[in-house]
Amino acid sequence: MSETASFVDPVFLARFGLTRINAIDYFLHPLNPFRTKAKTSNEVLSMQGINIGTLMAWGTSTRPGPLPLEEGEDEYNVALSRLTGEQYELLQLSKADME
């Protein structure tokens, strides 16, 4: 596969768009040729119904929702840190991105 190859799922993008909330779900799409073949910790969390959007809407037992995006991402990262194996993580937002 070339370095410039890409993956686009127009149905997913038309239905959900692409935001920080669902970027990991998009990357883990089963038809994405760039995803790892191993089961990732992200998929384990997803099977448990845990993703950034859910955490933002409902919060956790210690941080009731709704949560802002940054806190939802923090809680997702905490959940990921409890698991071992391959993981996909979002890059931190820079100050310029937040403005």
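Visitor: How much space lies in the second largest cavity?

Guide: This is a predicted model, in which local features need pLDDT of at least 70 and side-chain atom pairs count only at pLDDT 80 or more, while totals for chains, interfaces and linings use all residues. Residues are numbered from 1 along each chain as its sequence is written, and side-chain values use heavy atoms, without hydrogens and water. A cavity is a set of points on a 1 Å grid over the protein atoms alone where a 1.4 Å probe fits but cannot get out, and its volume is the space filled by probe spheres set on points joined across faces, edges and corners. For the second largest cavity, the space is about 40 Å³.

Visitor: Which helix gives the most to the lining of the largest cavity?

Guide: The largest cavity has a volume of about 50 Å³. Its lining includes Glu73, Tyr76, Asn77 and Leu80. Helices are DSSP runs (H or I, at least four residues) numbered from the N terminus. With four residues, the one that gives the most is helix α5.

Visitor: Is Ser41 buried or exposed?

Guide: Ser41 is found in helix α3. Buried means under 20% relative accessible area and exposed over 50% (1.4 Å probe, protein chains only). Because its relative accessibility is 3%, Ser41 counts as buried.

Methods:
1 Å grid on protein atoms, 1.4 Å probe; cavity = no way out; pocket = protein on both sides within 12 Å on 5 of 7 lines; lining within 4 Å. Helix = DSSP H or I, 4+ residues; strand = E, 2+ residues; numbered from the N terminus.
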